[in-house]
Amino acid sequence: MLGSTVLEVAIGLTFCYGTVALIVTTLQEALASLFRLRANTLLAGIKSMLNDPAFDGLARAVYAHPLVNPHTDGNAANERALRSKPSYIEPAHFAIALVDSLWKVPGDFLQLRSAIDTIADPQLRAAMLGMVSRARDLQQFQDMLAGWFDNAMARMSGAYKRKQLLISLLLSLLLAILFNIDSIHLFRTLWQQPALAAHLKDVPGALDPAVIDALMALPIGWTKFPPVLDADFALQAAGWMITATTALFGAPFWFDLMQRVVRMRATGARPEEVPLALRIEGKVAATPVPLP
């Protein structure tokens with residue numbers, strides 16, 4: 001009975017946390033698409049790289065290049081005038097676009113240094129002069145630029161992920177409060193009534209009405225609103241915070257864990273608890289015989 005209760009509680013909790021994480025991920029993707037967060041983050045990263053916060057120098061020239069932004073006509077006067085903003089730029093294409101922006105009339109590779117000398121920003125000029133002085137030819141210089149862009153975007157990606165983690169935490173906390181998904185109450189109720197999780201048999205493949213119905217069948221939701229601000233409310237708030245932090249692990253983690261627990265539930269009793277009569281055909285034993 002104890003083992004069965006533990007499994008039912010584990011299935012109920014993992015399903016709840018996985019569904020919350022799936023909802024949060026869906027909302028996050030919708031917000032990222034609506035506000036074009038990836039494209040804006042990429043643009044901010046390139047403006048920072050090229051020290052062009054006003055978007056009136058090299059950053060604008062790079063974004064006007066057809067290899068970087070094929071949907072533009074090259075006449076965007078400012079950031080808002082851009083018809084489209086790419087969410088990803090190939091490092092090699094960035095390198096070509098930057099060289100083309102500096103080197104209007106390609107010629108001898110040694111003449112590229114003169115074009116770099118015209119860059120107004122001293123830090124950017126020093127960085128590019130260092131690369132061009134180490135390069136043997138134009139291809140090697142472009143490879144260096146591509147590596148520089150890759151490193152800068154890796155740092156920008158880290159900052160973007162940290163921001164997304166904060167958004168994920170806030171969204172999951174909002175969901176926990178709206179639907180009163182209190183982990184402490186959920187655990188207590190499932191422990192006392194494990195049958196409430198008996199309807200959870202399969203790991204959901206996507207967010208659909210059936211998944212939401214299965215979630216709402218768990219002991220969540222408001223029975224009295226607004227809550228009374230007392231010691232029980234403090235415990236409830238702690239349960240919300242626990243629920244919110246679980247979303248940071250992601251839906252795949254929880255659903256994979258749920259799948260493992262569901263398999264354990266489906267296997268039934270352990271082999272040493274099964275009577276010998278069920279394991280040896282034609283033999284009958286009155287008492288279970290443990291395996292060696």
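The model is predicted: local features need pLDDT of at least 70, side-chain atom pairs count only at pLDDT 80 or more, and totals for chains, interfaces and linings use all residues. Residues are numbered from 1 along each chain as its sequence is written, and side-chain values use heavy atoms, with hydrogens and water left out.

## Pockets

Rolling a probe the size of a water molecule over the atoms shows where empty space is left. A pocket here is an open set of points on a 1 Å grid over the protein atoms alone, where a 1.4 Å probe fits and protein lies on both sides within 12 Å along at least five of seven lines. Lining residues have an atom within 4 Å of a point. Grid points are joined across faces, edges and corners, and a volume is the space filled by probe spheres set on the points.

The largest pocket holds about 490 Å³ of space. Its lining has 18 residues, and N180, D182, H185, T223 and Q236 lie nearest the centre. Two elements give two or more residues to this lining: α8 (183–192) and α10 (231–246). Helices are DSSP runs (H or I, at least four residues), numbered from the N terminus. α10 gives the most to the largest pocket, with 4 residues. By class, the lining of the largest pocket has 8 nonpolar, 5 polar and 5 charged residues. Nonpolar means Ala, Val, Leu, Ile, Met, Phe, Trp, Tyr, Cys and Pro; charged means Asp, Glu, Lys and Arg; the others, Gly among them, are polar.

The second largest pocket holds about 280 Å³. It is lined by 14 residues, with L42, S87, Y88, M153 and S157 closest to its centre. α2 (37–49) and α7 (138–178) each supply at least two of the lining residues. α7 has the largest share, 7 residues. The lining of the second largest pocket divides into 9 nonpolar, 3 polar and 2 charged residues.

Two packed helices are described by the angle between their axes and the distance between the axes. Axes are lines fitted to C-alpha atoms over the stretch in contact, and angles run from 0 to 180 degrees between N-to-C directions. Contact means heavy atoms within 4.5 Å.

| Helix pair | Angle | Axes |
|---|---|---|
| α7 and α10 | about 135° | 8 Å apart |
| α4 (91–102) and α7 | roughly 120° | within 8 Å |
| α6 (122–134) and α7 | about 135° | 8 Å apart |

The angle between α7 and α10 is about 135°. That makes α7 oblique to α10. Angles under 35 degrees count as roughly parallel, over 145 as roughly antiparallel, 65 to 115 as roughly perpendicular and the rest as oblique. α7 passes α10 in a right-handed crossing; right-handed means that the near helix is turned clockwise from the far one by less than a right angle. From α7, the contact uses L169, S172, L173, A176 and I177; from α10, W240, M241, T243, A244 and T245. This contact of α7 with α10 has 7 nonpolar, 3 polar and no charged residues.

α4 and α7 cross at roughly 120° and are therefore oblique to each other. Their crossing is right-handed. Among the α4 residues in the contact are P91, F94, I96 and V99, and they are joined on the α7 side by residues including L138, F141, W148 and D150. The contact of α4 with α7 divides into 13 nonpolar, 1 polar and 1 charged residues.

α6 and α7, with an angle of about 135°, are therefore oblique to each other. α6 passes α7 in a right-handed crossing. L124, M128, M131, V132 and R134 of α6 meet Q140, F141, M144, L145 and W148 of α7. The contact of α6 with α7 has 8 nonpolar, 1 polar and 1 charged residues.

## Backbone features

A cis peptide bond joins F225 and P226, with omega about 0°. P226 sits in the loop between α9 (209–216) and α10. R36 is in the loop between α1 (2–34) and α2. Phi of R36 is near 50°, a positive value in a residue other than glycine.
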